[in-house]
Amino acid sequence: MQRSITKAAEKKPGINILSIDLEDWFLSYDSSQISYDKWPLLESRVEQNTRTILDLLARHNQKATFFILGWIAEHHQELIKEISDAGHEIGYHSYHHAIPVNQGKEAFEDDLVKGLSLLEKITGKPVRLYRAPMFSLCNASAWTIPILLKHGITISSSYKSHHPFNNHRIPSSPFYFEHEGRQLMELPLNRMRFPLLNLVYTGSGYFRMLPLWLIKFLFDRNTYNMTYFHPRDFDENVPFTSLLPAYRNWMNSFGNSTTSIKLEELLKLFPFLTLSEAASQLKYSDMPLVKI
Ligand SMILES: [Zn+2]
């Protein structure tokens, strides 16, 4: 892979993006803690928690991009239709939360084709957005980019910006890949960089843990903010399961009672965009390029 950053990132004012990764409370990491054959044995809470999010967004007339797990789409088709019919944007988030670098090329492509066709069948619309589980794309999985392009993906949100002293210097703002003349825009998970700290603050456990005043300060200070929430982040009664380690059970519920309140404050303060809306405000000529 030839990799070159050709232009410095130029941040545009006010790119605040709202995204939801649609998966159930018992899903963690790459599903290695609870394998997916056990998922049907656990209480499903994704519908009620997603409705909490949909109600919150409707109250503030804001739209989000929902990255849907294929397994969830298969088992909750009406819910996916409801999200799409409410005017939110649909993207794909893998079938069982497997990490692409662990899947390999063939399994990754099969997974992508299966999930995209299911979502397109349910919503009646083409799906052009993709997010890898755990923002896990990296140099070692650069082979995913041509496969994503081949199957019509034009916007990805699958990288997290890395520590500046790390080898993988992923920008903390939008960039794009080019492969055989075609572009794939990447809207990464951003971090706030302090001299000794690179802080994620825009979603999930980090958002639940941090105080609202600090979150508001960081959103205001950064001109590119990629939020990411899960339905479980809004659930004040996440069940305990002995199938997960103790720390994971604790992480599943820490600060959940504050998520709606904090997000509601942000929704009052900032206009948010879906990924496609954000992409339409960005120019490739202003973004760093990564050639594959
Ligand atoms: Zn996920």
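Where is the place of Asp30, between which strand and which helix? Select Asp30 and you will find it in the loop between strand S2 (19-22) and helix H1 (46-59). Helices (H or I, at least four residues) and strands (E, at least two) are DSSP runs, numbered from the N terminus.

Before you go on, note that this is a predicted model, in which local features need pLDDT of at least 70, side-chain atom pairs count only at pLDDT 80 or more, and totals for chains, interfaces and linings use all residues. Residues are numbered from 1 along each chain as its sequence is written.

**Stop 1: around Asp30**

Asp30 counts as partly exposed because it has 18 C-beta neighbours inside 10 Å. The scale calls a residue buried if 20 or more other C-beta atoms lie within 10 Å of its own, exposed if 12 or fewer, and partly exposed in between, with C-beta atoms placed from the backbone. Contact here asks for C-beta atoms, placed from the backbone, within 7 Å. Asn102 lies 72 residues from Asp30 along the chain, yet their C-alpha atoms are separated by 9.4 Å.

**Stop 2: the core**

Next, select Ile17, Leu22, Phe66, Ile68 and Leu119, the residues with the most contacts inside the largest nonpolar core, which has 52 residues. Helix H5 (residues 105-123) gives the most to this core, with six residues. Such a core is a set of buried Ala, Val, Leu, Ile, Met, Phe, Trp, Tyr and Cys residues joined through C-beta atoms within 7 Å. Centre on Ile17: beyond its neighbours within four places in sequence, its contacts include Leu187, Met226, Phe272 and Leu275.

**Stop 3: H3 against H5**

Show helix H3 (residues 77-85) with H5; they pack at an angle of about 70°, with their axes 9 Å apart. Axes are lines fitted to C-alpha atoms, for helices over the stretch in contact, and angles run from 0 to 180 degrees between N-to-C directions. H3 and H5 are therefore roughly perpendicular to each other, a label for angles of 65 to 115 degrees. Pick Gln77, Ile80, Lys81 and Ser84 in H3, which meet Leu119, Ile122 and Thr123 in H5.

**Stop 4: two positive phi values**

Finish with Met134, in the loop between strand S5 (129-130) and helix H6 (144-150). Its phi is near 60°, a positive value in a residue other than glycine. Ser204, in helix H7 (residues 204-209), has a positive phi of about 50° although it is not a glycine.

Technical notes
Two residues are in contact if their C-beta atoms, placed from the backbone, lie within 7 Å. Angles under 35 degrees count as roughly parallel, over 145 as roughly antiparallel, 65 to 115 as roughly perpendicular and the rest as oblique.
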